[in-house]
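Please open the model in your viewer and keep the selection panel at hand. The stops below say what to select next and what is there.

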Amino acid sequence: MSGFSQLLQFALTGVTVGSIYALVAIGFNAIYNATGIINFAQGQFVVLGGMLAVTLSVSSRLPVLAAAIIVIAAVAAIGGLIEFGFIRRLRRPNVLQLIMVTVGLQILLEEAAMAIWGTDPAPPMPHFSGDSPIRMAGATILPQTVWILGTLAVVVAALAAFFRWTTIGKAVRACAANPTAARLAGIPLRRMVCLSFILSAAIGALGGIAITPMVGMEFDRGPSLALKGFGAAVVGGLGSFPGAVAGGMAIGVLESLAAGYIASGYKDAVALAVLLAVLFVRPSGLFGGAAAGLKEF
Amino acid sequence: MAVAIGIAAIAPPILHALGKGYHVSILVFTGIHTIVAIGLCLLMGYAGQISLGHAGFFAVGAYVSGILTTRAGIPPPIALVAAVALAAAVAAIVGIPTLRLRGHYLAMATLGFGEIVYVILNAAGSLTGGPSGFGAIPPIIPRFEALGLKGSDVTFYAIAWATVFAAIGLSSRIVGSRVGRALRAVHTSERAAMAMGVDVARLKLQVFVLSAILAALAGSYYAHYVTFISPTTFSVGCSIRFVTIVAVGGMANLWGVVGASTLLGVLTLAGFFGEMDMIVYGALLVAAMAWSAWRGSRRGG
């Protein structure tokens, strides 16, 4: 393999991994934009999506599409329950309390996953359209990569359309921009917050379903997915959906290059070091505007 | 304080008389964790700075101590001092940029720090033994038998709990002093504290370094007590357990945190929660925060 095709191969792998982080980052942003909350249990939605999908499609032999619909509905319901059962019940929580509650929920969801599926990795889930690699310029990609990228593209397009053109989408944006004014205008703030949790959980589940055939899934993958997803969200500017995609790709490609050219054991540390560096130097993100761009779609 | 020291002093003979001498080792582990919790209590409760990565400093203490004694043949007490010094240096370097962050950013940055340490423990195999860790770490001082208890238990019991009480003494002096008042001011409003002439950044960093020193000290004790260390002990879950202890203890409540740490430590290690211990910690964390939000809203009117 020539140097160039090797580089291309690493970049393609990075883009695949990056789409995963981008999907997690979009999930973070969906809740952050409506509420200002960072949901530390975000990674676990992806895990639940992946594990449930394996159970339904492999063990129960459901067609992937049917399994996906059930899984997304189930995880979305869990997201809604988290808001309705916990977040809503907190009286005037401060940031520290919100962080710790979502950290606690992450633990509870993780332990629930362990109780249901055990500590072993999930059995392999078949790729959606076979696993014969597609060749291009000396590098190869799997059809599943196309599925993952497609999922990401559909999610981004659907969210953009939802927030720009639907009444509910506009209402959620109004809640983010000015909660008091939104309430005065008759928008049911609480319901919009609940909706953002449902939406975010659904996006996480969708991501989990798309990536599991390629990378497998384990009950305890949540925190590391959340950390890298948050890294992607921060690099791209917290709250920005296009930023999430760019940030995810940037971290994914860097990580893949580090794994290829330095040492694979340290690839996770590279992604985290990028997160820390961006946090320290430019917390408003590399791609976003200044701090004024926060909480904007 | 005197009562607590008294109870701590008579606990091993009583356990021994009851024929439960092996429970002393549970109390040793509990003491070690309590040292970390005291530091985190100062940082989170009094300075109001969250850390989801203190297992990282615990790991630095354990691994530096373990590596220096087994690979370089350095005597354990010197290795301990070196481990604590290195952790303090790491905390200072990490703390300067990190503590400028707030809220979610600070939480994620500290979580990221803990995870980086965890990755390094796993990846730097030639030094750390990788995922399977390494053993044969010598005890801090030669073992001696007392009261018929197993090997180093009594020695470590005395060392760990003496350190706990020293840490409590130091912390309560800090909390009651001018520095303590400044800390509470920082917690309430950084801007107001700054306006009153408090060097906020320096104060936060000092508390962060102190909490890292306590965590590393505990980590070093852990390595020399267990004599075998591997990365799983220092995972994100470990950091979250420390945070839960501080939350359950009432955040800015030194004795509450010590009590919560002792109670949770003994219950967990005695197998009271069975396989469910992480679920218990998660539920306690959520419940403690819901409770403090409820109380805060009542006080706020």
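Are α9(A) and α10(A) parallel or oblique to each other? The model is a predicted one, in which local features need pLDDT of at least 70 and side-chain atom pairs count only at pLDDT 80 or more, while totals for chains, interfaces and linings use all residues. Residues are numbered from 1 along each chain as its sequence is written, and chains are lettered from A and ligands numbered from 1 in the order in which they are written.

**First stop: two helices of chain A**

Select residues 222-235 of chain A, which form helix α9, together with residues 241-261, which form helix α10; helices here are DSSP runs (H or I, at least four residues), numbered from the N terminus. The two pack at an angle of about 120°, with their axes 7 Å apart, where axes are lines fitted to C-alpha atoms over the stretch in contact and angles run from 0 to 180 degrees between N-to-C directions. α9(A) and α10(A) are therefore oblique to each other, since angles under 35 degrees count as roughly parallel, over 145 as roughly antiparallel, 65 to 115 as roughly perpendicular and the rest as oblique.

Now show the side chains where they touch: A:Lys228, A:Gly231, A:Ala232, A:Ala233 and A:Val235 in α9(A) meet A:Ala244, A:Gly247, A:Gly248, A:Ala250 and A:Ile251 in α10(A), contact being C-beta atoms, placed from the backbone, that lie within 7 Å. The residues of this contact divide into six nonpolar, three polar and one charged (Ala, Val, Leu, Ile, Met, Phe, Trp, Tyr, Cys and Pro count as nonpolar, Asp, Glu, Lys and Arg as charged, and the others, Gly among them, as polar).

Staying with α9(A), note that 13 of its 14 residues are buried, so this helix is largely enclosed by the rest of the structure; a residue is buried if 20 or more other C-beta atoms lie within 10 Å of its own, exposed if 12 or fewer, and partly exposed in between. Just after α9(A), select A:Gly237, which takes a positive phi of about 90°.

**Second stop: where the chains touch**

Colour by chain: 35 residues of chain A are in contact with 37 residues of chain B. The elements of chain A that give two or more residues to its side are α4 (95-117), α9 and α11 (267-281), and the largest share, 12 residues, comes from α4(A). The residues on this side of chain A divide into 26 nonpolar, four polar and five charged.

Select B:Ala201, in helix α10 of chain B, and then B:Leu99, which is 102 residues away in sequence but 7.4 Å away in space, C-alpha to C-alpha. B:Ala201 counts as partly exposed, with 15 C-beta neighbours inside 10 Å.

Follow chain B to the loop between α10 (200-226) and α11 (236-248), where B:Thr227 lies. B:Thr227 has a positive phi of about 70° although it is not a glycine, and it is partly exposed, with 18 other C-beta atoms within 10 Å. For context, most residues other than glycine have a negative phi.

α11(B) is followed by B:Gly250, whose phi is positive, near 100°.

Finish at B:Ala136, in the loop between α6 (125-128) and α7 (153-176) of chain B. Phi of B:Ala136 is near 60°, a positive value in a residue other than glycine, and B:Ala136 counts as exposed, with 9 C-beta neighbours inside 10 Å.

Notes:
Contact = placed C-beta atoms within 7 Å.
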